[in-house]
Amino acid sequence: MSFGETPITVIGNLTADPELKFTEGGAALAKFTIAATPRVFDRESSQWKDGTATFFRCAAWRQLAEHAADSLTKGARVVAHGRIRQHDWQTDQGENRSMLVLEIDEIGASVRFTTVTINAKRPTKSAPPAGDNPWDTGAAAGKSESDEPPF
């Protein structure tokens, strides 16, 4: 994030499945909308009521975009952190348009009201060659000299 940008964290629900596209250069782009709806307790009726929803148009790029599209679906409650960006353009009729977009840096499922399962995509490391592993006690090959732990 650059100096002077406006960071923001939004908690809300996806209004639709993320839409995954690829630029001509091959970069992944996921577009989606988060609806953040405040809830207030009405003391007169003793019930919770929804306030006015705020809709945040969001964009995620590259690997984050692909992971978001693979992991998140309509209705998912998410915690998203990013920065506000303004996009300006001109229509075919010459009218100037502008739109604020939340460019996502981090996003994840909220576990406040549900549970999630994490499927980590970590690179695997190959095992060191035989004899190079200082933790190898030989027990796997039945070479243990005693029943005592090696340390």
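Student: Which residue in strand 6 is the bridge partner of A36?
Tutor: That's T54. Strands here are DSSP runs of E with at least two residues, and helices are runs of H or I with at least four, both numbered from the N terminus.

Student: How do I read the numbers, and what kind of model is this?
Tutor: Residues are numbered from 1 along each chain as its sequence is written. It's a predicted model, where local features need pLDDT of at least 70, side-chain atom pairs count only at pLDDT 80 or more, and totals for chains, interfaces and linings use all residues, while side-chain values use heavy atoms, with hydrogens and water left out.

Student: Back to the strands: how many bridges do strand 3 and strand 6 share, and in which sense do they pair?
Tutor: Eight bridges, in the antiparallel sense, with strand 6 covering residues 54-61. Two strands count as paired if DSSP finds at least two bridges between them.

Student: What about strand 1 and strand 3, how many bridges there?
Tutor: Two, and those strands run antiparallel as well. L14 has I34 in strand 3 as its bridge partner.

Student: And strand 2 with strand 3?
Tutor: Four bridges join that antiparallel pair, and K21 stands opposite L29. The two strands form a hairpin with five residues between them, and G26 in the turn has a positive phi of about 95°.

Student: Is strand 3 mostly covered or uncovered?
Tutor: Mostly covered: eight of its nine residues, 28-36, are buried. Buried means under 20% relative accessible area, exposed means over 50%, and partly exposed is in between (1.4 Å probe, protein chains only).

Student: New topic. Which residues have a positive phi although they aren't glycines?
Tutor: S46 is one of them, at about 55°, and R62 also has a positive phi of about 55°. S46 lies in the loop between strand 4 and strand 5, whereas R62 lies in helix 1, residues 62-71.

Student: R62: buried or exposed?
Tutor: Exposed, because its relative accessible area is 53%.

Student: Last one: which residues make the nonpolar surface patch?
Tutor: V111, V116 and I118, and the patch is about 300 Å². I118 sits in the segment after strand 8, and it counts as exposed because its relative accessible area is 70%.

Notes: Patch = residues over 30% accessible without salt bridge, like charges linked within 9 Å, V, L, I, M, F, W, Y side chains within 5 Å. Areas by Shrake-Rupley, 256 points an atom, 1.4 Å probe, with all protein chains shown as cover. Salt bridge = Lys/Arg side-chain N within 4 Å of Asp/Glu carboxyl O.
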